[in-house]
Every structure is written in structure tokens, then in C-alpha cells.
Amino acid sequence: MSGYFNDLFSGTKSLAVGMGITLKYFFEPVVTLQYPHETLKMTPRFRGHIDLVKDEETGESKCIVCGMCQKACPSGCITVEGEKKEGAKKKTLSSYTLDFTKCSLCGLCVENCKPEAITFSKDYNLAGPSREAYVFDLVKRMKERCSP
Ligand code: SF4
Ligand code: SF4
């Protein structure tokens with residue numbers, strides 16, 4: 001008989017403890033997000049793939065087509081191409097391709113870009129059906145990002 005009451009007591013006690021924990025978390029702020037409708041805000045030091053930085057004055061990329069990022073990249077994931085328009089003194093950026101499948105996020109490209117024309121994006125939720133989905137046209141991405 002005493003075993004029955006002991007079981008009853010310990011069952012009620014563990015139920016009360018469990019309900020206490022549930023109630024405690026019920027009134028605490030929610031830390032989960034309704035992904036994909038809500039996404040996390042990345043910390044300032046988070047490194048996503050690189051992105052081109054837009055020159056606010058011209059609306060174009062800040063890239064001067066020096067090729068230093070391409071040379072600095074140990075994985076060979078950057079291809080920069082420029083063109084010299086008629087009458088122009090300097091080249092302008094015509095294409096900037098990043099093969100993100102090879103990128104180790106080492107940061108050497110960003111460090112070696114003197115005009116600060118590339119930066120790390122905050123993209124963390126990338127998904128794609130093939131490797132090609134991770135070969136980015138960064139000029140296109142910059143324009144899409146900046147369009148209203
Ligand atoms: S180092 Fe900077 S300025 Fe030079 S090509 Fe790369 S992104 Fe453009
Ligand atoms: S972060 Fe490193 S590996 Fe990635 S593109 Fe830049 S230099 Fe190449």
C-alpha cells in the first residue's frame with residue numbers, strides 16, 4: 001500500500017516540476033523564428049559569399065577592374081572582366097563571376113581590394129539543385145539588390 005502512495009506522490013511531484021518548467025518558458029521571450037517567413041539577422045562579422053559594393057554617387061560598382069581579388073584568391077573562384085568604352089581612360093566592369101562552390105571564405109579578396117569594392121554578404125540560407133546554382137553573376141546580383 002505504501003508503494004502505491006509513494007508512486008502517486010513521485011508522479012504528482014514530477015508532473016508539478018514539468019508543468020513549472022513549461023510555465024517558466026511560456027512567459028519567456030520567443031527565440032525561435034517562423035522560417036522561411038522570418039529569417040535571422042546576421043551579426044556584423046558574419047561572412048557570407050562576397051558581393052559587389054555599389055558606388056552611391058554613380059549607381060555603378062566601385063570596382064576598378066584591377067584584378068587583385070582574382071590574383072589573391074587561393075581557390076580560383078573569381079573571374080573579373082572589364083571593357084574600355086570609346087573615349088574612356090579607364091576600364092569599367094563588364095562581368096564579375098564568383099564560383100562559390102570553391103570559396104573557403106578566407107577573405108583574401110576583400111582584404112586585397114583597395115577601393116573596398118567587395119564585401120561579405122549576409123546571405124546564409126542559400127539552396128540550389130546543382131553546382132551551377134552557386135556560380136554567381138555578382139554584377140547582376142548587385143543590380144537586383146539595388147533595384148527598388
Ligand atoms: S580587387 Fe576590388 S577593384 Fe580590383 S578587381 Fe577586385 S573587386 Fe574590383
Ligand atoms: S573569400 Fe577567399 S576563397 Fe572566397 S572568393 Fe575570396 S579569396 Fe577566394
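I looked up the overall size to begin with. A compact globule of 148 residues would have a radius of gyration near 15 Å, but the protein chain here has 26 Å. I note that this is a predicted model.

Next I checked the extent along the principal axes. The C-alpha trace of the protein chain spans about 100 × 30 × 30 Å. I then asked how much of the chain is buried. Buried residues account for 13% of the 148 residues.

I turned to contacts. I took those between residues at least 6 apart in sequence, and 71% of them join residues at least 24 apart.

**Secondary structure**

I looked up the elements. The protein chain has four helices and five strands. Reading along the sequence, I get the pattern α-β-α-β-β-α-β-β-α.

**A cis bond**

I went through the peptide bonds. The bond from Tyr35 to Pro36 is cis, and its omega is near 5°. Where does Pro36 sit? I found Pro36 in the loop between helix H1 (2–26) and strand E1 (50–52).

**Positive phi values**

I searched for positive phi outside glycine. Leu105 came up, with phi near 60°. I placed Leu105 in the loop between strand E3 (92–99) and helix H3 (108–111). Is Leu105 buried or exposed? I counted 12 other C-beta atoms within 10 Å of Leu105, and the cut-off for exposed is 12 or fewer, so Leu105 is exposed.

Glu116 lies in the loop between H3 and strand E4 (118–120). How many other C-beta atoms lie within 10 Å of Glu116? I found 9, so Glu116 is exposed.

My note on H3: the loop holding Leu105 runs from E3 to H3, and the loop holding Glu116 runs from H3 to E4.

**Around ligand 1**

Which residues come nearest? Of the 13 residues around ligand 1, the nearest are Cys63, Cys66, Met68, Cys69 and Cys113.

The residues around ligand 1 divide into 11 nonpolar and two polar, and I found no charged residue among them.

**Recap**

The Tyr35 to Pro36 bond is cis. Cys63, Cys66, Cys69 and Cys113 are among the residues that come nearest to ligand 1.

Technical notes. Residues numbered from 1 in each chain as written. Chains lettered and ligands numbered in written order. Predicted model: local features only at pLDDT ≥ 70, side-chain atom pairs only at ≥ 80, totals over all residues. Helix = DSSP H or I, 4+ residues; strand = E, 2+ residues; numbered from the N terminus. Buried ≥ 20, exposed ≤ 12 C-beta atoms within 10 Å, placed from the backbone. Near = placed C-beta within 6 Å. Nonpolar A, V, L, I, M, F, W, Y, C, P; charged D, E, K, R; others polar. Rg over C-alpha atoms; globule rule 2.2 N^0.38 Å. Contact = placed C-beta atoms within 7 Å.
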